[in-house]
Amino acid sequence: MSETAKLTYAGQTYELPIIEGSEGERAVDISRLRADTGLITLDIGYGNTGSCTSTITFMNGEEGILRYRGIPVEQLAEHSSFVETAYLLIHGELPNQKELNRFSILLNDASLVHEDLKIFYSNFPRLSHPMGILSSMVNALRSFYPELQTLEEEIDMTVTRLLSKVRTMAAMSYKMSRGHTVVYPRPDLSYCANFLNMMFDSPVRPYEVDDVLAEALNIFWILHADHEQNCSTSAVRMVGSGRVNLYAAISAGIAALWGPLHGGANQSVVEMLQDIDASGRGFQHYVDRAKDRNDPFRLMGFGHRVYKAYDPRAKIIKAMCDRVLAKLKISDPLLDLAKELEAVALKDAYFIDHNLYPNVDFYSGIILRAMGIPTNMFTVMFAIGRLPGWIAQWKESMDDPNWRLCRPRQIYTGPRETNYVPIEERP
Ligand code: SDX
């Protein structure tokens with residue numbers, strides 16, 4: 001009999017199985033709790049609840065560890081490419097040269113989008129947020145590519161189509177939002193270089209892809225590629241559990257990522273730093289505000305539900321900021337501000353006691369600004385990076401024979417039974 005946890009309730013003792021993961025994490029399996037005891041559990045925000053078992057990404061929040069399919073993210077950032085890391089996440093192992101070549105060809109062949117999609121873009125109000133556009137456009141892809149995802153190779157086609165087209169659609173929405181000519185993907189450019197070219201090339205000023213920026217984007221997207229059961233990935237799994245098509249599930253993930261507590265934080269960090277800079281008040285004023293429970297202000301880019309140590313991705317991005325800006329011979333006052341703010345916060349007892357460190361979003365805006373990405377597209381950049389993770393997690397759930405419709409329960413605290421009152425008898 002494997003180890004169990006004992007629950008004593010209403011004079012009875014129940015043995016709940018303990019399951020252990022490959023890294024020693026342990027959970028009480030409550031799959032039979034309601035059937036055996038009539039009880040459910042309550043865990044607002046799911047901070048103590050595992051929604052699935054997964055073989056894709058391992059995080060250790062106390063030690064600041066992040067691995068994709070067992071490989072430390074630091075090694076992937078140093079040696080891999082975003083396309084290769086996407087393959088690793090989705091297929092479960094690093095590709096050999098033949099597999100990588102085929103994957104790259106599929107991505108290239110699927111990089112164009114249906115010309116009719118441009119009609120959608122031209123009907124969004126000019127100031128629409130790019131995340132709202134992206135979520136809508138990804139959902140619309142189903143209308144253009146309605147084939148059923150039954151056979152493995154069709155899923156492979158759908159997956160590479162999505163990975164390739166989302167990048168094209170993001171650049172297209174940027175160009176059309178400025179009333180500029182849309183730039184098409186080029187077969188001679190890598191995934192990252194192609195995106196930069198589609199964003200910034202123009203008939204009157206040809207864009208020369210800077211290798212430093214293409215490499216920085218490669219690392220940026222590798223670092224964002226997956227993060228186990230975060231809010232947006234859980235949205236993809238939840239929506240996908242109803243057996244809806246992949247495009248709709250990913251569209252839900254994009255919507256979930258948009259929030260400033262989640263992926264939208266990378267935009268909020270830069271806006272916060274700009275506000276702090278413009279206010280002329282010292283950092284301590286804002287650190288004190290962040291500590292005040294009566295003040296809704298939070299230090300954006302700080303804190304994490306899982307990491308109670310420095311987010312390993314933030315470490316890499318922070319170092320990348322120095323390297324990239326030095327290579328480009330540019331300076332960004334917001335980088336100095338961010339470093340000073342970090343120094344003040346990390347010395348403050350409140351931040352130390354609450355284990356609040358910079359997360360992936362704290363420095364990422366600096367890199368994106370160096371690339372020339374507009375602030376309102378920062379979360380779109382996060383979404384493109386997270387796409388292989390969402391797809392891998394969706395695929396794992398669809399392939400899992402034990403996966404079922406996600407349908408949490410609740411504890412009802414509303415009014416007891418009462419009767420309908422005709423309107424003429426109401427006060
Ligand atoms: C991402 O889950 C993932 O993996 C997400 C992500 C991914 O790759 O998918 O890593 C990407 O979303 C990173 C997080 C980006 N969000 C932000 O930077 C927004 C600012 N951070 C906070 O809002 C907060 O830290 C959260 C939302 C990220 C996490 O919050 P939790 O886990 O719900 O914790 P909490 O809000 O209950 O805070 C616990 C305590 C509270 O103080 P007490 O009431 O216990 O005294 O910590 C305090 C909070 O007030 N706190 C902060 C703070 N974050 C938490 N205080 C000031 N500033 C902050 N940023």
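Before you click on, some ground rules. You are looking at a predicted model, where local features need pLDDT of at least 70, side-chain atom pairs count only at pLDDT 80 or more, and totals for chains, interfaces and linings use all residues. Residues are numbered from 1 along each chain as its sequence is written, and side-chain values use heavy atoms, with hydrogens and water left out.

**Stop 1: the ligand**

Pick His-304: an N or O atom in its side chain is 2.6 Å from an oxygen atom of the ligand. With Gly-301, look at the backbone instead, where an N or O atom lies 2.8 Å from a ligand oxygen. Then try Tyr-350, which has a polar side-chain atom 3.2 Å from a nitrogen atom of the ligand. On its own, the ligand has 1100 Å² of accessible area, and the protein covers 78% of that. Accessible areas come from the Shrake-Rupley method with a 1.4 Å probe; for residues, only the protein chains shown count as cover.

**Stop 2: salt bridges**

The side chains of Arg-313 and Asp-311 meet in a salt bridge, 2.6 Å from N to O. A salt bridge here is a side-chain nitrogen of Lys or Arg within 4 Å of a carboxyl oxygen of Asp or Glu. Are these two partners buried or exposed? Asp-311 counts as buried because its relative accessibility is 1%, and Arg-313 counts as buried at 2%. The cut-offs are under 20% relative accessible area for buried, over 50% for exposed, and partly exposed in between (1.4 Å probe, protein chains only).

Select Glu-3, Glu-20 and Arg-26 too: salt bridges that share partners join them into one network. A search of the whole structure finds 17 salt bridges.

Next, pick Arg-237 and Glu-396, whose closest N and O atoms are 2.7 Å apart in a salt bridge. Arg-237 lies in helix α10 and Glu-396 in helix α18 (residues 378-399), so this pair ties together parts that are 159 residues apart in sequence. Both Arg-237 and Glu-396 are buried. Helices (H or I, at least four residues) and strands (E, at least two) are DSSP runs, numbered from the N terminus.

For a contrast, go to Arg-32 and Asp-36, also joined by a salt bridge at 2.7 Å, N to O. Arg-32 is exposed, with 52% relative accessible area, while Asp-36 is partly exposed at 41%.

**Stop 3: inside a helix**

Select Thr-160 in helix α7 (residues 152-177). What does the side chain of Thr-160 reach? It reaches the backbone oxygen of Asp-156 at 2.8 Å. Thr-160 counts as buried because its relative accessibility is 0%.

**Stop 4**

Most residues other than glycine have a negative phi. Ala-10 has a positive one, near 50°. You'll find Ala-10 in the loop between β1 (4-9) and β2 (12-20), and at 65% relative accessibility it counts as exposed. Glu-228 also has a positive phi, near 45°. Look for Glu-228 in the loop between α9 (211-223) and α10 (231-240), where it is partly exposed at 23%.

**Stop 4: out on the surface**

Finally, select Leu-42, Ile-44 and Ile-411, which make a nonpolar surface patch of about 370 Å². Patches are made of residues with over 30% relative accessible area and no salt bridge; like charges are joined within 9 Å, and nonpolar side chains (Val, Leu, Ile, Met, Phe, Trp, Tyr) within 5 Å. Ile-44 is in the loop between α1 (33-37) and β4 (57-60), and it is exposed at 74%.

Methods
A polar contact is a pair of N or O atoms within 3.5 Å; within protein, one must be able to donate a hydrogen and the other to accept it, and residues adjacent in sequence count only if both atoms are side-chain atoms.
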